[in-house]
Amino acid sequence: MESKFSARIAELPGPVWVFGAYVVSRLGEWAFGLLMQFVSGSWRLGGGTALMFLIPAAGVALPVCVLWGLVGRSPYGLSLARWYAGLRVVLHFAALLMLLFSGYDPHLYGGTEMFIRGIARNVVYGALWFLFLLYLERSRALDAAMSGERCDLPLWCVALMVVVLAL
C-alpha cells in the first residue's frame, strides 16, 4: 500500500529529485559534523555554542523547507524554490567576483591550486543552480505536478532567506 506522501513524491519530475538528494546530503553533512563534535568532546553547551549550532541548523532547515513546500504542493512551494535557487546563483556569483578581484598574488601567497579550485567551484555550482532556476521557471511537468493556487512569497520571507543564506 502506497502512502499519499510517497505518491506525491513520485509525481515530481527528476530535477526536483536531484534537489531532494542535495537536501539529504546537506542534512547528512550537518548531522555528521554534529556527531563528530559530540564524539570528540568539542561540543559544549553555552551561549556561543548555541549560536554556532543555530546558524548551520538554519542553513540546513531552509532547503528542507523548500523541499517540503514542493512535495507538499504548498501554494508558496514553487515561489520559495525559485527564490532559493535564484539567491544561490547570486551568492555563487558574488563569491566568484570576490575571488577574482581579491588581489591574490600566487608569488606572495603560494600556489594557485586553492584559488583555481575556488573559482571552478563557484562557476560550476552557480551554473547548476542557474539551470535549476531555469527549470523551475519553464517546466511544464512541474507546473502540472504543482497544480492549484500559487502565491508569491511575502517580502519578509525573502529577506529572511537572504539573511540565512548570507550566514
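Predicted model: local features only at pLDDT ≥ 70, side-chain atom pairs only at ≥ 80, totals over all residues.
**An aromatic cluster and the helices around it**

Phe19, Tyr22, Tyr84, Trp129 and Phe132 form one aromatic cluster.

The protein contains eight helices and zero strands. Its pattern along the sequence is accordingly written α-α-α-α-α-α-α-α. The C-alpha trace spans about 60 × 40 × 35 Å along its principal axes. Of the 167 residues in the protein, 29% are buried. When contacts between residues at least 6 apart in sequence are considered, 76% of them join residues at least 24 apart.

The aromatic residues were examined in pairs. The count comes to seven aromatic pairs. One of these is formed by Tyr22 and Trp129, whose arrangement is edge-to-face, with 5.2 Å from centre to centre and 85° between the planes. Tyr22 lies in helix α2 (residues 14-40) and Trp129 in helix α6, so this pair ties together parts that are 107 residues apart in sequence. The two partners fall into separate accessibility classes: Tyr22 counts as partly exposed because its relative accessibility is 21%, and the limit for a buried residue is under 20%. Trp129, at 8% relative accessibility, counts as buried.

Trp129 also pairs with Phe132. The ring centres of Trp129 and Phe132 are 6.1 Å apart and the planes stand at 75°, so this pair is edge-to-face. Trp129 and Phe132 are three residues apart in helix α6, and are therefore separated by about one helical turn. Phe132 has a relative accessibility of 12% and so counts as buried.

Tyr84, another member of the cluster, is placed in helix α4. Tyr84 has a relative accessible area of 1% and is therefore buried. Beyond its neighbours within four places in sequence, Tyr84 is in contact with Phe19, Tyr22, Leu62, Pro63, Val66, Trp129, Met161 and Leu165. Among these partners are Phe19, Tyr22 and Trp129, which belong to the aromatic cluster together with Tyr84. Tyr84 and Trp129 are 45 residues apart along the chain, and their C-alpha atoms are separated by 9.3 Å.

The packing of the helices that carry these residues was considered next. Two packed helices are described by the angle between their axes and the distance between the axes. For α2 and α6, the packing angle is about 135° and the axes are 11 Å apart. Roughly antiparallel helices require an angle over 145 degrees, so α2 and α6 are classed as oblique to each other. The crossing of α2 past α6 is left-handed. On the α2 side the contact is made by Pro15, Val16, Phe19 and Tyr22, and on the α6 side by Trp129, Phe132 and Tyr135. By class, the residues of this contact divide into seven nonpolar, no polar and no charged.

The contact of α4 with α6 has 18 nonpolar, five polar and four charged residues.

His92 provides an example from α4, the helix of residues 77-100. The relative accessible area of His92 is 6%, so His92 is buried. Apart from neighbours within four places in sequence, His92 is in contact with Arg121, Asn122, Tyr125, Gly126 and Trp129. Trp129 is therefore a partner of His92 as well as a contact of Tyr84 and a ring partner of Tyr22.

Most residues other than glycine have a negative phi. Phi of Arg73, by contrast, is positive, with a value near 55°. Arg73 has a relative accessible area of 14% and for this reason counts as buried.

How values were computed
Residues numbered from 1 in each chain as written. Heavy atoms only, no water. Helix = DSSP H or I, 4+ residues; strand = E, 2+ residues; numbered from the N terminus. Buried < 20%, exposed > 50% of the residue type's maximum accessible area, 1.4 Å probe, protein only. Contact = heavy atoms within 4.5 Å. Nonpolar A, V, L, I, M, F, W, Y, C, P; charged D, E, K, R; others polar. Phe/Tyr/Trp six-rings, centres within 6.5 Å; stacked < 30°, edge-to-face > 60°. Axes fitted to C-alpha atoms, helices over the stretch in contact; angles between N-to-C directions. Parallel < 35°, antiparallel > 145°, perpendicular 65-115°, else oblique. Left-handed = near helix turned anticlockwise from the far one by under 90°.
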